[in-house]
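This briefing is for a reader who is new to the structure shown below. It covers the disulfide, the aromatic rings and the charges over rings, in that order.

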Amino acid sequence: MRGQKRQGLRSPGRRQGTRRRALTTAAAMAIAVMTPGTLAPPASASAPAPASASARPDAVQQSLDALVRDGGMPAALASVEDQNGHTRTYTAGVADLATGSKVPRDGQVRIGSNTKTFVAVVVLQLVAERRMALDAKVDTYLPGLVRGKGIDGRRITVRQLLQQTSGLPNYSNYLGDDVRYYAPRELLATALRHPADFAPGTSWKYSNTNYVLAGLIVQKVTGRPLAEEIDRRVIKRIGLRHTYFPAPGDVTIREPHPHGYYRESADGPLRDITEIDPSWGWAAGQMISTGSDLNRFFGALLAGRLLPPAQLARMRSTVPAEETFGPGARYGLGLVSRPLPCGGLSWGHGGSFPGYETRGGATDDGRAANFTVTTQLTDEPGRRNLERAVDTALCR
């Protein structure tokens with residue numbers, strides 16, 4: 001998710017150009033404004049490490065400090081797990097620019113497009129249960145719903161939704177300025193007013209619409225709300241204690257958290273947009289979690305604790321996605337692989353939501369790392385710096 005200009009749900013995207021022109025009207029009316037000069041000096045902290053923890057923890061802290069010091073982020077957080085299951089948490093900066101309060105270690109944040117991986121897991125579980133089929137057409141589950149210029153639900157498969165190869169236009173490029181609740185079908189209708197980007201299966205392009213539609217299919221197949229299915233099938237199953245899908249109308253973050261900020265322009269003031277209606281993200285990016293919970297989730301996924309081997313293999317079957325996720329990146333079914341500078345791959349997704357930017361990954365040998373900064377990144381250097389910080393943690 002990107003932007004307060006609802007550049008949202010762009011995932012860790014690059015040239016997505018999504019639009020979210022205000023969350024500035026209603027939201028910004030009630031939020032504090034801080035000029036860049038009011039940023040407090042970085043206050044960093046890391047949890048005590050067990051004696052057997054990985055060497056050189058300073059490298060991670062130094063990366064986090066640099067994100068605040070050089071990148072102008074109000075705060076940065078990280079959670080890093082080594083191959084032995086030992087976890088370290090790190091913080092830098094301040095949680096609240098108005099008070100200068102400390103960043104809560106492993107605080108909750110809005111995780112944006114990481115939500116997509118949770119949704120993909122639920123879909124693949126239903127496939128394993130033979131209640132859905134990856135190559136079934138959208139019209140099998142939602143007959144007549146998906147129609148538009150160059151758009152036909154009789155030609156788009158479930159697999160193409162999850163892999164971003166459907167050609168459906170991205171609804172978040174076209175949302176207006178209202179800060180309000182959006183129903184999932186309203187988001188879909190917004191997308192369907194615009195022509196397809198390409199014929200299904202002929203190209204790849206990141207679109208949040210794919211996951212809103214996948215969420216609607218989950219609800220039709222199960223007869224239950226998407227949030228309940230994610231909670232029952234994923235969150236409770238692997239014991240994620242600080243992860244949830246906000247209920248309609250819930251604009252808060254429940255547990256200790258750093259405030260999220262938005263800057264209208266490069267030299268503009270920082271605005272506190274922590275409290276915001278996340279419904280315009282829904283299945284594409286509405287969830288809240290912590291770095292440690294995300295590490296647990298991606299680690300459990302790779303270890304086969306959430307999907308049978310056949311469905312996990314399909315999830316990890318990838319296509320090139322460098323334009324959005326960077327050199328060497330590939331997109332599976334709601335899962336991104338990135339080459340590590342020390343060799344091998346990291347698997348994750350990443351997410352962007354007004355006020356927060358997350359990057360992370362897990363490896364097949366049990367390493368995991370997740371970083372968050374409390375300003376949504378809109379520039380390529382900033383995103384590269386955050387990704388390098390993750391690489392540093394996974395390769396140390």
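**Disulfide and ring contacts**

The S-S bond of Cys 342 and Cys 395 has a torsion of about -70°, so the disulfide is left-handed. Cys 342 is in the loop between strand E13 (336-339) and strand E14 (345-348), while Cys 395 is in helix H13 (residues 380-395), so the pair ties together parts that are 53 residues apart in sequence. The model is predicted.

**Disulfide**

- The count for this model comes to 1 disulfide.
- The sulfur atoms of Cys 342 and Cys 395 are 2.1 Å apart.
- A disulfide is a covalent bond that joins the sulfur atoms of two cysteines.
- Cys 342 has a relative accessibility of 43% and therefore counts as partly exposed.

**Aromatic pairs**

- Across the whole structure, a search finds 8 aromatic pairs.
- One of these is the tilted pair of Trp 204 and Tyr 331, with 5.7 Å centre to centre and 55° between the planes.
- Trp 204 belongs to the loop between helix H6 (184-192) and helix H7 (209-222), and Tyr 331 to strand E12 (residues 330-331), so this pair ties together parts that are 127 residues apart in sequence.
- Trp 204 counts as buried because its relative accessibility is 13%, and buried means under 20%.
- Tyr 331 is buried as well, with a relative accessible area of 0%.
- Trp 280 and Phe 353 form a stacked pair, at 5.2 Å centre to centre and with 25° between the planes.
- Trp 280 is found in the loop between strand E9 (270-272) and helix H9 (282-285), and Phe 353 in strand E15 (residues 351-353), so the pair ties together parts that are 73 residues apart in sequence.
- Both Trp 280 and Phe 353 are buried.
- Trp 204 and Tyr 331 also belong to a cluster, in which ring pairs link them with Tyr 206 and Phe 325.

**Charges over rings**

- Arg 180 lies over the face of Tyr 182, and its distance from the ring centre is 3.9 Å.
- Arg 254 has its charged end over the ring of Tyr 244, 3.7 Å from the centre of that ring.

Key:
Residues numbered from 1 in each chain as written. Predicted model: local features only at pLDDT ≥ 70, side-chain atom pairs only at ≥ 80, totals over all residues. Heavy atoms only, no water. Disulfide = S-S within 2.5 Å. Helix = DSSP H or I, 4+ residues; strand = E, 2+ residues; numbered from the N terminus. Buried < 20%, exposed > 50% of the residue type's maximum accessible area, 1.4 Å probe, protein only. Phe/Tyr/Trp six-rings, centres within 6.5 Å; stacked < 30°, edge-to-face > 60°. Lys NZ or Arg CZ within 6 Å of the ring centre and 35° of its normal.
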